[in-house]
Amino acid sequence: MPVDTVRRAVNQIIRQTTYPTLGANVYEDHLARSIGERLGKRLEGALVREVVAGGPADAAGLVPARRGARGEIVLGDLITAVGGVRVRQVEDLIAAVLEKKPGDVLELAVARGGDPSRPARRLVSLVSRDALKRVRAGRGPRQRRGP
């Protein structure tokens, strides 16, 4: 089969695939560990870095980490489980989301302020990445951001 034919077929499959999203970004594992070390905490899970205004994570009340008045890091939510399955690292969260489709609802266990003694449960309705882009475009640059 000619390579151009394969390339066209692969590109068509990619364009037709709908990927789900929470509407939140998380810190890479090494950055979350570094933040935890600076704060004297062990952060096991996915630390929320950004929540897109108007997106599913925002509607569910997820809180990103942020900078305080004196520049200190104030922890937001740490996602510790999805549907009862423990999240130890970012890849666990990504895998759980990608197993679903837009419209599915995920139950997230979060540690508020990165503190496991402050557990919370949040239900998040996944949307497609394209739908989230439309939300972002309609709301302009306004986003709840972390550090």
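Modeller: Please do; bear in mind that this is a predicted model.

Biologist: Why is Val 6 called partly exposed?

Modeller: The relative accessibility of Val 6 is 35%. Buried requires a value under 20% and exposed a value over 50%, so Val 6, at 35%, counts as partly exposed. The residue lies in helix α1, residues 3-16.

Biologist: What makes the nonpolar surface patch that includes Val 6?

Modeller: The patch is formed by Met 1, Val 6 and Val 10 and has an area of about 310 Å².

Biologist: Why is Ile 79 called buried?

Modeller: Its relative accessible area is 0%. The cut-off for buried is under 20%, and therefore Ile 79 is buried. This residue belongs to strand β6.

Biologist: Which residues does Ile 79 touch, leaving aside those up to four places away in sequence?

Modeller: Ile 79 touches Gly 45, Ala 46, Val 48, Val 87, Leu 93, Leu 108, Ala 109 and Val 110. Ser 125 is 46 residues apart from Ile 79 along the chain, and the C-alpha atoms of the two are separated by 15 Å.

Biologist: Leu 93 is one of those contacts. Which residues of helix α4 are buried?

Modeller: In α4, residues 90-98, they are Val 90, Leu 93, Ala 96 and Val 97.

Biologist: How do you know that these residues are on the same side of α4?

Modeller: They cover an arc of only 130° around the axis, which puts them on the same side of the helix.

Biologist: What do the buried residues of α4 pack against?

Modeller: They pack against one helix and several strands: α2 (29-39), together with β1 (20-21), β2 (24-26), β3 (46-51), β6 (78-82) and β8 (105-111).

Biologist: Strand β3 also holds Glu 50. Why is Glu 50 called buried?

Modeller: With 8% relative accessibility, Glu 50 falls under the 20% limit, so it counts as buried.

Biologist: What makes the pair of Glu 50 and Asn 25 a polar contact?

Modeller: Their side chains are 2.4 Å apart at this contact. The distance limit for such a pair is 3.5 Å, and the 2.4 Å pair is accordingly listed as a polar contact.

Biologist: How do you know that Glu 44 forms a salt bridge with Arg 86?

Modeller: The closest N and O atoms of Arg 86 and Glu 44 are 2.7 Å apart. A side-chain nitrogen of Arg within 4 Å of a carboxyl oxygen of Glu is a salt bridge, so the pair qualifies at 2.7 Å. The pair links distant parts of the chain, 42 residues apart: Arg 86 is in strand β7 (residues 85-86), and Glu 44 is in the loop between α2 and β3.

Biologist: What makes Arg 42 part of a network with Glu 44?

Modeller: Arg 42 forms a salt bridge with Glu 44, the closest N and O atoms being 2.9 Å apart. Arg 42, Glu 44, Arg 86 and Arg 88 are linked in a network of salt bridges. Apart from residues up to four places away in sequence, Glu 44 touches Leu 78, Thr 80, Arg 86, Val 87 and Arg 88.

Biologist: Are Arg 42 and Arg 86 exposed or partly exposed?

Modeller: Arg 42 has a relative accessible area of 69%; exposed means over 50%, so Arg 42 is exposed. Arg 86, at 48% relative accessibility, counts as partly exposed.

Biologist: Why are Lys 101 and Asp 104 said to meet in a salt bridge?

Modeller: Their N to O distance is 3.4 Å, and the limit is 4 Å, so the pair is a salt bridge. Asp 104, at 21% relative accessibility, counts as partly exposed. By this rule the chain has six salt bridges.

Technical notes
Residues are numbered from 1 along each chain as its sequence is written. This is a predicted model: local features need pLDDT of at least 70, side-chain atom pairs count only at pLDDT 80 or more; totals for chains, interfaces and linings use all residues. Side-chain values use heavy atoms; hydrogens and water are left out. Buried means under 20% relative accessible area, exposed over 50%, partly exposed in between (1.4 Å probe, protein chains only). Helices (H or I, at least four residues) and strands (E, at least two) are DSSP runs, numbered from the N terminus. The arc is that of the directions from the helix axis to the C-beta atoms. Contact means heavy atoms within 4.5 Å. Patches are made of residues with over 30% relative accessible area and no salt bridge: like charges are joined within 9 Å, nonpolar side chains (Val, Leu, Ile, Met, Phe, Trp, Tyr) within 5 Å. Accessible areas come from the Shrake-Rupley method with a 1.4 Å probe; for residues, only the protein chains shown count as cover. A polar contact is a pair of N or O atoms within 3.5 Å; within protein, one must be able to donate a hydrogen and the other to accept it, and residues adjacent in sequence count only if both atoms are side-chain atoms.
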